[in-house]
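Hi,

Here is the structure I promised to pass on. Have a look at it first, then read my notes below.

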Amino acid sequence: GKDKELIRDSWESLGKNKVPHGIVMFTRLFELDPTLLSLFNYKTKCGVVPECLSNPEFLEHVTKVMLVIEAAVNHLDDLDSLEDFLLNLGKKHQTVGVKTQSFAVVGEALLYMLQCSLGTGYTAALRQAWLNMYTIVVAAMTRGWAK
Ligand code: HEM
């Protein structure tokens, strides 16, 4: 319905520039929670945000995140088909020390990126549509956390 249309239309331009949009998102994420920087234990340490953003491994992760979002956008009609993938992705994030509560902050950063890039296109309905999809993705990832 309407939600899917809003998401697909807005992703059309965003998806063509994944890294710059992902950088806006992660810059916001680290503003909201700077402690998350320390979870990126790459060969070249992400000590501070500017260093981090020029680290190829970090930029790869930004791309990975955007590709997962794109997979969700492409599977809006059958998000269930991503369940196993997202559960395993959740497991991986538990291993690297991410707490499930941090996904709420990631969600805020995602909405911030959408607001920055869509301008007046960022409506209440669009925000809610994205939040609904993101909530489903995060719920599936969270099922990967071992009890
Ligand atoms: C892998 C951290 C959020 C997608 C990783 C890795 C780290 C990490 C340290 C392993 C190293 C690497 O592959 O670069 C974080 C932190 C997050 C976060 C601190 C925020 C709290 C997300 C989100 C998504 C995502 C929201 C997608 C929705 C991925 C993918 C991988 C990955 C696809 C590769 C998994 C694999 O190798 O099988 N993440 N991540 N990450 N992350 Fe994240």
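Which residues of helix 2 are buried? They are K18, H21, G22, M25, F26, L29 and F30, where buried means under 20% relative accessible area (1.4 Å probe, protein chains only). Helices here are DSSP runs (H or I, at least four residues), numbered from the N terminus.

Before going on, note that this is a predicted model: local features need pLDDT of at least 70, side-chain atom pairs count only at pLDDT 80 or more, and totals for chains, interfaces and linings use all residues. Residues are numbered from 1 along each chain as its sequence is written, and side-chain values use heavy atoms, with hydrogens and water left out.

Back to helix 2 (residues 18-32): its buried residues pack against helix 1 (2-14), helix 3 (49-52), helix 4 and helix 6 (102-118). Contact means heavy atoms within 4.5 Å. Leaving aside residues up to four places away in sequence, F26 touches F40, F58, H61, V62 and V65.

H61 also turns up at the iron atom of the ligand. Its protein donors are H61 (NE2) and H93 (NE2), 1.9 to 2.0 Å from the iron; donors are N, O and S atoms within 2.8 Å of the metal (3.2 Å for Na, K and Ca), and water is not among the atoms, so sites may look incomplete. H61 sits in helix 4 (residues 56-74) and H93 in helix 5 (residues 83-95), so the pair ties together parts that are 32 residues apart in sequence. Both H61 and H93 are buried.

Enjoy!

Methods:
Helix = DSSP H or I, 4+ residues; strand = E, 2+ residues; numbered from the N terminus. Buried < 20%, exposed > 50% of the residue type's maximum accessible area, 1.4 Å probe, protein only.
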